[in-house]
Amino acid sequence: MPTYRPGPVSLILAVLVALFLLLPLLAVIPVSLTPSRMLTMPTGELSLRHYRSLIEDPRWLDSILLSIRIGVVSSALSTVLALTFSLGVWMFQPRFTAALVGFVLLPMVVPPVVSAVTLYFLLTSVSGISSFFGYDTWLGVAMAHSVMTVPFATVLILVSLSQLDRRIDLAARGLGASVWERATRVIMPNIKFGIVTAALLSFVLSWEEIGVTLFITSVNAITLPRLMWMGLRDNIDPAIAALSVILIIITVLVLAVRSVVTRRQATP
Amino acid sequence: MRGILSERMGAALLMAPLLLFLVLAYAWPFLGVVKWSFTLPTPGLGQYGALVSDPLVQSVFIRTLRIAAIVTIVSVTAAYAITVVWVRGSPVQRVLAEFCILVPFWISVLTRAFGWVALLSNRGLINTWLQSIGFISEPLTLVRNEFGVIVGMSHFLIPFAVFPLASAMRSLDERVLLAARGLGSSRMRTFWTVFVPMTRSGIIGSAMIVFVFSLGFFVTPAILGGGRSVMIAELIYLRIFQSPDWGLGAAISVVLVVFVGALMALLFRYVKPKQLV
């Protein structure tokens, strides 16, 4: 418990920053309730028409389903790749580990727009060979998203492995367990929380990925962020406000549940 | 002997899939982009020459550096103010500060940019309110210009600036602060002459992260700048999809990577990676 507490000046400044952080999230609520077709504040009556158009307009539903499909596939791919790689690093501690991990983290460090150009190059090259795997295909987007999410999944799994007691694995090894048995029956059950977190984070990152997706899709693979982007750039559609309100509510609920769960674990 | 061999095999088999995937899907295509920068539209160094001589490209680079510098100062200052309360406040203050930092952090960049459009546009919350209290008669232009870009980018980057600062403030020794106070130093003086200097590594780390992120930022400037204050990333996008001038887009990408790489190398000379989280 810190004994050196922030004074009144600090508190006032912090409140101003907190307002700045929350204001744009609150501003979408009144906009989502406007009866007008354009982006305005409601001037008297409120309407749910923009929420209804989310359900009635098939484009929104289609893009949501597509984003879920891409998210599931890319999250599964990046979690499996990150898991096997991290197990290799942890169990065998090979030479050049630092360099290899550094290489894996590159897509996280390189400016996203450069990754986007790189993946655009990849998928347009592949398009010539395969029609369902290259530019503007959902599999292509899923693969590109995996490239972007795999460093985050790897970091999370490596962190949970670093908290694992090596003696557990040594005991299993001493008792004659094979590499496969050690990995699947000793190590993985002990880091399952880390694996699940890695898979969830990969899904969320893919679900909201827009920087790369813009470069590798045009008319077929319209993910939810891509559809939002189109609505934001042309004429601003208040349906985006309604969608934003829903996304914000889901985020707040998930964070609230998570903080309750972690508090419970902290105070058994 | 057999044991060592199978050890190596095991490591190789487990690590190979991800390494192979990233070589094929990332490293190799990046080399392709580098090749584009030297071969399109004609082989040679023409695209890099254009980077130096083209006044449009130059003005975009200068604007990007200027916006990144302003965003860095705004974000790190704001993050410092809220991190002090998050790390050192009373339990209730800490929960509230954490909520205000983490909720925006988890909300997508598009939703956040849209929130600023809703606040700052001509018929947005701020203009509507200022007009209704009679403070202004004509709406202020707050978005689709550099002001909107700076506000939106700072909003996005404040949570990222918080983590290195929080790490530095957490590892700070309480007793030094108490000693300063005990020796009669005022609250303000303790803050400026003891607290701030002792969190220097956090400030450097946080500023570098924000600055590097700002250089490659695409979505927020494109939406809140409205095509009027184009930054490097949007220029790359326009060169690839609207001109189409793939060679120049590729050359700008290569320069951006080299520049960011140099900045990161500089960062890690002063700050250990561990101190950033």
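A: **The build of chain B**

Read from the N terminus, the elements of chain B follow the order α-α-α-α-α-α-α-α-α-α-α-α-α. The radius of gyration, taken over C-alpha atoms, is 24 Å for chain B, well over the 19 Å that the globule rule (2.2 Å times the number of residues to the power 0.38) gives for 277 residues, so chain B is more spread out than a compact globule. The model is predicted; local features need pLDDT of at least 70, side-chain atom pairs count only at pLDDT 80 or more, and totals for chains, interfaces and linings use all residues. Residues are numbered from 1 along each chain as its sequence is written, chains are lettered from A and ligands numbered from 1 in the order in which they are written, and side-chain values use heavy atoms, without hydrogens and water.

In total, chain B has 13 helices and 0 strands; helices (H or I, at least four residues) and strands (E, at least two) are DSSP runs, numbered from the N terminus. The C-alpha trace of chain B spans about 75 × 65 × 30 Å along its principal axes.

Of the 277 residues of chain B, 52% are buried, that is, under 20% relative accessible area with a 1.4 Å probe, protein chains only. Contacts (heavy atoms within 4.5 Å) between residues of chain B at least 6 apart in sequence join residues at least 24 apart in 70% of cases.

As for confidence, pLDDT is the predictor's confidence in each residue, from 0 to 100. Chain B has a mean pLDDT of 89, and 96% of its residues reach 70 or more. For the complex, the predictor gives an ipTM of 0.90 and a pTM of 0.90.

Definitions and conventions: Buried < 20%, exposed > 50% of the residue type's maximum accessible area, 1.4 Å probe, protein only.
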